[in-house]
Amino acid sequence: QDAIIAIEDVRFYSHNGIDPKRIIGSLFSNLRTGSTQGGSTITTQLIKMRLLSSEQTYKRKLQEAYLAIQLEKQYKKVQILEAYLNTVPLGGSNYGVKAAAQDYFGKELSELTLRECAMLAGIPQSPYAYNPRLNMYSRNNMELTDKRTNSVLLQMYKNGFINEEQYERALGEKVFILEHSPVK
């Protein structure tokens, strides 16, 4: 949970579904680049996954923001986070952290190391690009997944979710990714 919050929405517990600081930052970035990216929260991502299309338009972003505020009025943060963690795409046919933990590592959530948690938390930004099994065994590009994992760990450290000792230990940790899914 901490890894996802640190990398996806560090102010998750303090906003009402939308994060004005992120929205303003992404607005300025979008004006410079012509893009319609960024500014989303865990709540808005959940709305997009469950209710809306993934089209990148300002109309959809406004709908997403309105629905996120309404969702936060109806549900507790823990319920929203749980729904997100159970449905987020994590590469291949993995939806939700429990499925991904079993598929990539052959482990239950409670058995995951800090680095494995950070690896899973890094995947939602680009599930295909950061897929650890594909990067380890098919693409020979594990550096991409490792770099993203290290970014998650850095955000966890910077935002007080882990201490320096935990951060340094996780940076050096080796992760074993199953070549084939144990789930049939």
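1. Let's start with how far along the sequence the contacts reach. Contact here means heavy atoms within 4.5 Å. Among contacts in the chain between residues at least 6 apart in sequence, 58% join residues at least 24 apart. Keep in mind that this is a predicted model, where local features need pLDDT of at least 70 and side-chain atom pairs count only at pLDDT 80 or more, while totals for chains, interfaces and linings use all residues. Residues are numbered from 1 along each chain as its sequence is written, and side-chain values use heavy atoms, with hydrogens and water left out.

2. Now the overall layout. The chain has 10 helices and zero strands; helices (H or I, at least four residues) and strands (E, at least two) are DSSP runs, numbered from the N terminus. Of its 184 residues, 41% count as buried. Buried means under 20% relative accessible area, exposed means over 50%, and partly exposed is in between (1.4 Å probe, protein chains only).

3. Next, have a look at the core. A nonpolar core is a set of buried Ala, Val, Leu, Ile, Met, Phe, Trp, Tyr and Cys residues joined through side-chain atoms within 4.5 Å. The largest one here has 39 residues, and Phe105 and Leu120 have the most contacts inside it. Several helices each supply at least two residues of this core, including helix 1 (2-8), helix 4 (58-74) and helix 10 (164-172). Leaving out residues up to four places away in sequence, Leu120 touches Leu90, Val97, Ala100, Ala101, Tyr104, Phe105 and Leu112. In soluble globular proteins, nonpolar side chains tend to be buried together.

4. Just after helix 6, Gly106 takes a positive phi of about 65°.

5. Is Asp103 buried or exposed? Asp103 counts as buried because its relative accessibility is 9%. Its side chain makes a polar contact with the side chain of Ser181 (2.4 Å). A polar contact is a pair of N or O atoms within 3.5 Å; within protein, one must be able to donate a hydrogen and the other to accept it, and residues adjacent in sequence count only if both atoms are side-chain atoms. Setting aside neighbours within four places in sequence, Asp103 is also in contact with residues including Asn94, Arg133 and Leu178.

6. How do helix 7 and helix 9 meet? Their axes come within 8 Å and cross at roughly 105°, so helix 7 is roughly perpendicular to helix 9. Axes are lines fitted to C-alpha atoms, for helices over the stretch in contact, and angles run from 0 to 180 degrees between N-to-C directions. Angles under 35 degrees count as roughly parallel, over 145 as roughly antiparallel, 65 to 115 as roughly perpendicular and the rest as oblique. Among the residues making the contact are Ala118 and Ala121 of helix 7 and Val152 and Met156 of helix 9.

7. Stay with Ala121 for a moment. Ala121 is buried, with a relative accessible area of 1%. Not counting residues up to four places away in sequence, Ala121 touches Ala3, Ile4, Ile7, Glu8 and Val152.

8. Asn140 lies in the loop between helix 8 (132-138) and helix 9 and is exposed, with a relative accessible area of 67%. Asn140 is not a glycine, yet has a positive phi of about 55°. Most residues other than glycine have a negative phi.
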